[in-house]
Amino acid sequence: MGLEPAKENRQTVRLRDSPAVRVGVSISVATGLYGISFGALSVTSGLDFWQTMALSLLLFSGGSQFAFIGVVGGGGSGVAAMSAATLLGMRNGIYGMQLNALLRPRGWRRFASAQVTIDESAATSTGQTDPDEQRRGFWAAGIGIYVLWNVFTAVGALAGSGLGDPRQWGLDGAAVAAFLALLWPRLKGREPAAIAVVCAVATVLAVPWVPPGVPILVAAVVAAVIGAVSHGRSNEGLEPDVDPYPESNETFRGGTA
Amino acid sequence: MNLWGWILVACVLAYGWKLVGYLLPAAVLGNPRMSRIAGAMTIGLLASLTVVNATVTGQSIVLDARLGALVAAAVALFLRAPFLVVVIAGAAAAALLRLAGFP
């Protein structure tokens with residue numbers, strides 16, 4: 001106390017005082033941790049360790065990664081898995097556009113920003129009102145999740161490869177739970193729920209007629225058509241798996257935080 | 001193409017989507033219809049993946065222990081459990097149902 005903080009400590013103190021950085025760090029821990037379930041499910045779906053790590057290091061978008069292994073695990077082809085993952089990745093383009101308008105990254109930062117543009121970093125950033133906080137929140141969540149997601153993917157992949165029969169451990173049930181958990185926060189309101197039900201029905205109807213993995217793409221087409229003709233909220237479905245600002249969405253809507 | 005090939009294609013295209021948002025003029029992706037399509041596809045794909053993983057084996061609908069995992073996950077989510085707890089609840093439900101003799 002009473003001592004001037006050393007010059008090199010100023011940055012740390014300031015970052016610790018930043019509300020956006022605090023939110024970014026806590027969302028990084030919450031999101032990074034469930035990389036364990038991705039790693040374990042990926043190796044039991046038939047990918048090897050480095051294929052699993054390639055998805056987390058290079059693709060780096062939770063929903064798309066789970067989609068890829070979900071299709072492969074269900075006996076679908078590589079092209080079906082790639083297609084499902086790619087269609088799910090479209091929303092990151094929307095986030096990229098929003099963040100580009102907000103943060104205006106230049107030079108190499110633009111290419112680095114793109115790689116860590118995901119649901120959670122976009123939500124952490126856009127939930128702030130001050131431009132500096134928006135920037136800090138984006139990088140804190142983006143880099144924090146990138147590092148922890150990859151570390152915990154590796155942990156899960158190593159643990160999962162020693163498990164033996166995945167069905168005995170209920171890992172196929174874990175995959176079901178993971179997809180429902182990814183879907184759940186996006187079901188706010190009547191229209192998202194209706195889209196989910198229609199696409200689930202379209203999937204079940206398509207299953208006997210097309211190869212494994214393709215029913216998921218049929219559902220994507222149905223969803224795209226609904227999206228093209230709908231007049232609902234333009235941000236429905238574009239929500240993070242872990243909400244960085246849970247209070248402000250429930251009780252303090254309209255607040256300044 | 002083998003699995004490695006499709007993984008790398010998926011990685012390149014995923015980065016492509018992200019980068020497109022930064023490089024294209026805002027008007028291209030900025031209209032509400034593109035946002036609605038992206039949002040609806042996200043919901044539709046995740047709903048479809050949930051159903052496929054819960055009930056599909058090969059090209060038929062099979063009702064087994066995975067359905068118990070779906071119910072357990074829904075209960076956990078309703079109780080606002082964090083993601084990892086939901087996943088563990090799903091695994092535990094499926095494993096216990098198999099121990100009890102369900103397929």
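Q: How does the radius of gyration of chain A compare with that of a compact globule, and what kind of model is this?

A: The radius of gyration is taken over C-alpha atoms, and the globule rule is 2.2 Å times the number of residues to the power 0.38. For 257 residues a compact globule would have a radius of gyration near 18 Å, and the 20 Å of chain A agrees with that. This is a predicted model, in which local features need pLDDT of at least 70 and side-chain atom pairs count only at pLDDT 80 or more, while totals for chains, interfaces and linings use all residues. Residues are numbered from 1 along each chain as its sequence is written, and chains are lettered from A and ligands numbered from 1 in the order in which they are written. Along the principal axes, the C-alpha atoms of chain A fill a box of roughly 70 × 50 × 40 Å.

Q: What does the globule rule give for chain B?

A: For 103 residues the rule gives a radius of gyration near 13 Å for a compact globule, but chain B has 19 Å. The C-alpha trace of chain B spans about 55 × 40 × 25 Å along its principal axes.

Q: How are contacts between residues that lie apart in sequence read?

A: Two residues are in contact if their C-beta atoms, placed from the backbone, lie within 7 Å. Among the contacts in chain A with a separation of 6 or more, 73% are between residues 24 or more positions apart. In chain B, among contacts between residues at least 6 apart in sequence, 38% join residues at least 24 apart.

Q: Which residues of helix α9 of chain A are buried, and what do they pack against?

A: Helix α9(A) covers residues 119-126, and seven of its eight residues are buried, so the helix is largely enclosed by the rest of the structure. The buried residues are A:Asp119, A:Glu120, A:Ser121, A:Ala122, A:Ala123, A:Thr124 and A:Ser125, and they pack against α2 (19-33), α7 (90-103) and α10 (131-160) of chain A.

Q: At what angle do helices α6 and α13 of chain A cross?

A: Axes are lines fitted to C-alpha atoms, for helices over the stretch in contact, and angles run from 0 to 180 degrees between N-to-C directions. Angles under 35 degrees count as roughly parallel, over 145 as roughly antiparallel, 65 to 115 as roughly perpendicular and the rest as oblique. The axes of α6 (residues 78-88) and α13 (residues 214-229) of chain A come within 9 Å and cross at roughly 30 degrees, which makes α6(A) roughly parallel to α13(A). The contact is made by A:Ala80, A:Ser83, A:Ala84 and A:Leu87 of α6(A), together with A:Val214, A:Ile216, A:Leu217 and A:Ala220 of α13(A).

Q: Where is A:Ala80 found, and is this residue buried or exposed?

A: A:Ala80 is found in helix α6 of chain A, and this residue is buried, with 24 other C-beta atoms within 10 Å. A:Ala80 and A:Val214 are 134 residues apart in sequence, yet their C-alpha atoms are 6.3 Å apart in space. Leaving aside neighbours within four places in sequence, A:Ala80 is in contact with A:Val71, A:Gly213, A:Val214 and A:Leu217.

Q: Is B:Val62 buried or exposed?

A: B:Val62, in the loop between β2 and α4 of chain B, counts as exposed, with 12 C-beta neighbours inside 10 Å.

Q: How many residues of each chain are in contact with the other chain?

A: In contact with 91 residues of chain A are 69 residues of chain B, and the largest share of that side of chain B, 23 residues, comes from α3(B).

Key: Helix = DSSP H or I, 4+ residues; strand = E, 2+ residues; numbered from the N terminus. Buried ≥ 20, exposed ≤ 12 C-beta atoms within 10 Å, placed from the backbone.
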